[in-house]
Amino acid sequence: MTTTPPAAAGGSGPAVAGQQSATVLVVEDEPAIATAIAQRLSAEGWRVEVARDGLSGVDAAARLQPDAVVLDVMLPGIDGLEVTRRIQAERPVPILMLTARDDETDMLVGLGVGADDYMTKPFSMRELVARVKALLRRVERAAQVVVTAPADPPIVMGDVTIDRAQRRVHRGGEEVHLTPTEFELLVMLASSPKTVLTRERLLAEVWDWADASGTRTVDSHIKALRRKLGADLIRTVHGVGYAFEPPAG
């Protein structure tokens with residue numbers, strides 16, 4: 001099912017500059033939820049297509065080359081985790097994962113296979129739109145960085161190298177795959193080593209989202225970074241936020 005933007009749409013306002021022509025793929029098997037999401041995203045001016053099972057979602061992603069994907073975890077055929085793996089193996093694309101289970105383990109698994117953000121059902125459509133807009137803004141911002149600042153020097157601290165121009169991270173000589181969100185979060189922390197950055201600031205700067213209710217998203221991404229890069233790199237300051245601790249050497 002494809003939903004084209006209505007001529008005059010209601011909602012929280014138009015998509016931000018540069019996003020009007022964005023294509024969003026929704027992979028959701030519950031018809032009522034899929035239709036509601038498609039209509040709400042379409043009201044932002046985006047082209048929206050819906051796939052109702054995992055394999056159809058993978059095929060649609062290959063055909064559409066979407067700018068963002070909204071993906072349910074529980075799907076017929078193959079589940080959302082496998083869909084994420086297959087989509088990201090072909091072409092990196094920001095993925096917002098939906099689940100009916102409020103389980104932190106599920107959240108970390110989803111982030112670990114390549115999802116960029118995570119929402120638990122039931123959710124508000126306003127929050128869903130805000131998160132999709134944030135995903136699209138980060139993609140646009142990353143593209144601008146590649147064009148305007150290709151010569152940004154890498155951040156090198158001990159055995160960690162963060163190549164901002166190529167958006168690659170190495171530790172101990174081994175490349176570590178990070179999602180676009182994880183990369184931006186790491187760059188922000190590493191750009192101010194030993195400085196404590198609040199969850200609210202990280203949420204606003206990385207996610208472009210000022211609602212403090214999303215700070216759990218920050219915590220989950222920090223856990224994903226620690227799992228991939230080592231727990232020693234990021235220090236928790238309880239009740240405040242996080243600080244990057246440069247490794248020795």
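**Entry 1: Ala34**

I began with Ala34, which I found in helix α1, residues 31-42. The model I am reading is a predicted one. Is Ala34 buried or exposed? Its relative accessibility is 0%, so I count Ala34 as buried. The cut-off for buried is under 20% relative accessible area.

Next I looked up what Ala34 touches. I left aside neighbours within four places in sequence. That gave me contacts with Glu28, Val50 and Arg52. I then checked the spacing of one pair. Ala34 and Arg52 are 18 residues apart in sequence. In space, their C-alpha atoms are 8.1 Å apart.

**Entry 2: Asp72**

I moved on to Asp72, in strand β4, which covers residues 68-72. Asp72 has a relative accessible area of 3%, so I noted it as buried. Which side chain makes a polar contact with the side chain of Asp72? I found that of Lys121, at 3.3 Å.

I listed the contacts of Asp72 too, not counting residues up to four places away in sequence. Asp72 touches Val27, Glu28, Asp29, Gly80, Leu98, Thr99 and Lys121. Glu28 was already in my notes as a contact of Ala34.

**Entry 3: the sheet β11-β13-β12**

I turned to an open sheet of three strands. Their order is β11-β13-β12, and the pairing is antiparallel. Which strands are at the edges? They are β11 (197-198) and β12 (234-237), and each pairs on one side only.

I followed β12 to its partner β13, residues 241-244. The two pair in the antiparallel sense over four bridges. I picked out Arg235, which stands opposite Ala243 in β13.

Two helices came next. Helix α6, residues 180-190, packs on the sheet and touches β11, β12 and β13. I read an angle of about 75° between the directions of α6 and β13. Helix α8, residues 215-229, lies across β12 and β13. Helix α8 runs at about 145° to β12.

**Entry 4: the largest nonpolar core**

I looked up the largest nonpolar core and found 28 residues in it. Which members touch the most other members? They are Ile162, Leu185, Leu186, Leu189 and Leu202. The elements giving two or more residues to this core are β7 (155-157), β8 (160-163), α6, α7 (199-207), α8 and β13. Helix α6 gives the most, with seven residues.

Methods. Residues are numbered from 1 along each chain as its sequence is written. This is a predicted model: local features need pLDDT of at least 70, side-chain atom pairs count only at pLDDT 80 or more; totals for chains, interfaces and linings use all residues. Side-chain values use heavy atoms; hydrogens and water are left out. Two strands pair if DSSP finds at least two bridges between them. Contact means heavy atoms within 4.5 Å. Axes are lines fitted to C-alpha atoms, for helices over the stretch in contact, and angles run from 0 to 180 degrees between N-to-C directions. Buried means under 20% relative accessible area, exposed over 50%, partly exposed in between (1.4 Å probe, protein chains only). A polar contact is a pair of N or O atoms within 3.5 Å; within protein, one must be able to donate a hydrogen and the other to accept it, and residues adjacent in sequence count only if both atoms are side-chain atoms. A nonpolar core is a set of buried Ala, Val, Leu, Ile, Met, Phe, Trp, Tyr and Cys residues joined through side-chain atoms within 4.5 Å.
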